[in-house]
Amino acid sequence: MATKLEESAAITINRLHPVIGAEIKNVDLSQPLADDTIGQIIDAWHAHSVLLFRDQNLSEDDQIRFAAHFGPVADRVQPVGGDPLDAPDWNNLMLITDHVDANGKPIGSLGHGEMTFHTDKCYRERPHRTSFLYGIEIPSVGGHTKFASLYAAYDNMPDDLKRRLDDVFVMQGHEYSGYGRLKLDVNLEDIHHFRQPLILTVPGSNRKSLYLSRLNTMWIEGMDRGESEAILGPLFDLTEDPATMYEHVWRKGDLLMWDNLACLHARTDWPDGEKRMLRRCTTVGDRLW
Ligand SMILES: [Fe+2]
């Protein structure tokens, strides 16, 4: 016998921005969802790349249960000092916070400050497809998350460049020691890295995206460094076009999810002394080639 919790209902979808993002209403993510409701959410995710669910009250298990509809939920693989990695509940979850414990030791990852546009785990053999971020503590100003459409970036490329770069590969790397472009004079053996296609046809939407970011993309294969930089610079600018961006102002209880193959994200700074805590999990996607 079907329970009340498994009844499906039509969801409401309101655009957040003309290019990217939509808010979904009439869904309580703390409850198991009917297949039909999940299907509507997946369709909306393919259409809008970023989805917002407001006024949620989610436990760690709730967040992981919802995420699992979008693929295998990733284990935490990047130990960060002070993270509660040994607590079983946190195996799939990461706190993004500047909070510290009583001894002044960080309890989360990616602590304070602005962060450059990037996609999550693009430097893995199987990039993390979907990210889920839940708002627990929000500063009074700042700490916004900006999303920029990689579909729009591809659409806005000059046609000759689309043809020339249609089947090239780039090296994606994880080197977050500074702000802005990652360092290129590193030994690849010292950082996570993986080669990925520059232009993707994204499964589900079947649209082409320009899959690169200023923080992760190192060079275009088969070109010397000068030629690669001359092409990548304008492409980074194209992916960070303010006209293709939605900037999210967080509220406690927001659940944001996005497609890392379809958009970049970045965060803005917030005042020293103000606290911010978000809880993240991701799903592992398919290998891209
Ligand atoms: Fe991120």
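Colleague: What makes N206 exposed in this model?

Modeller: In this predicted model, N206 has 8 other C-beta atoms within 10 Å, and since a residue with 12 or fewer is called exposed, N206 is exposed. Its place is in the loop between β10 (199-201) and β11 (208-210), and its phi is near 60°, a positive value in a residue other than glycine.

Colleague: How do you know whether D55 is buried or exposed?

Modeller: The count for D55 is 11 other C-beta atoms within 10 Å, and the limit for calling a residue exposed is 12 or fewer, so D55 counts as exposed.

Colleague: What makes the span of helix α1 close to the expected one?

Modeller: Helix α1 (residues 35-48) has 14 residues and reaches 20 Å from its first C-alpha to its last, which is close to the 20 Å expected at 1.5 Å a residue. After α1 comes S49, whose phi is positive, near 70°.

Colleague: Which residues of α1 are buried, and how do you know on which side of α1 they lie?

Modeller: The buried residues of α1 are T37, I41, W45 and H48. They cover an arc of only 90° around the axis, and therefore lie on the same side of α1. What these buried residues pack against is β2 (22-25), β3 (50-53) and β14 (255-259).

Colleague: Which residues have the most contacts inside the largest nonpolar core?

Modeller: That core has 59 residues, and those with the most contacts inside it are V50, L51, F147, L150, L255 and C263. Helix α3 (residues 150-155) supplies the largest share of this core, namely five residues. As for L51, if its neighbours within four places in sequence are left aside, it is in contact with A22, I24, I41, A44, W45 and M257.

Colleague: What makes β9 and β12 edge strands?

Modeller: The open sheet of three strands has the order β9-β8-β12, with antiparallel pairing, and β9 (193-197) and β12 (217-220) are its edge strands because each pairs on one side only.

Colleague: How do you know that β8 pairs with β12?

Modeller: Pairing requires at least two bridges, and three bridges join strand β8 (residues 169-173) to β12, the two running antiparallel, so they count as paired. For M171, the bridge partner in β12 is W219.

How values were computed
Residues are numbered from 1 along each chain as its sequence is written. This is a predicted model: local features need pLDDT of at least 70, side-chain atom pairs count only at pLDDT 80 or more; totals for chains, interfaces and linings use all residues. Helices (H or I, at least four residues) and strands (E, at least two) are DSSP runs, numbered from the N terminus. A nonpolar core is a set of buried Ala, Val, Leu, Ile, Met, Phe, Trp, Tyr and Cys residues joined through C-beta atoms within 7 Å. A residue is buried if 20 or more other C-beta atoms lie within 10 Å of its own, exposed if 12 or fewer, and partly exposed in between; C-beta atoms are placed from the backbone. Two residues are in contact if their C-beta atoms, placed from the backbone, lie within 7 Å. The expected span of a helix is 1.5 Å times one less than its number of residues. The arc is that of the directions from the helix axis to the C-beta atoms.
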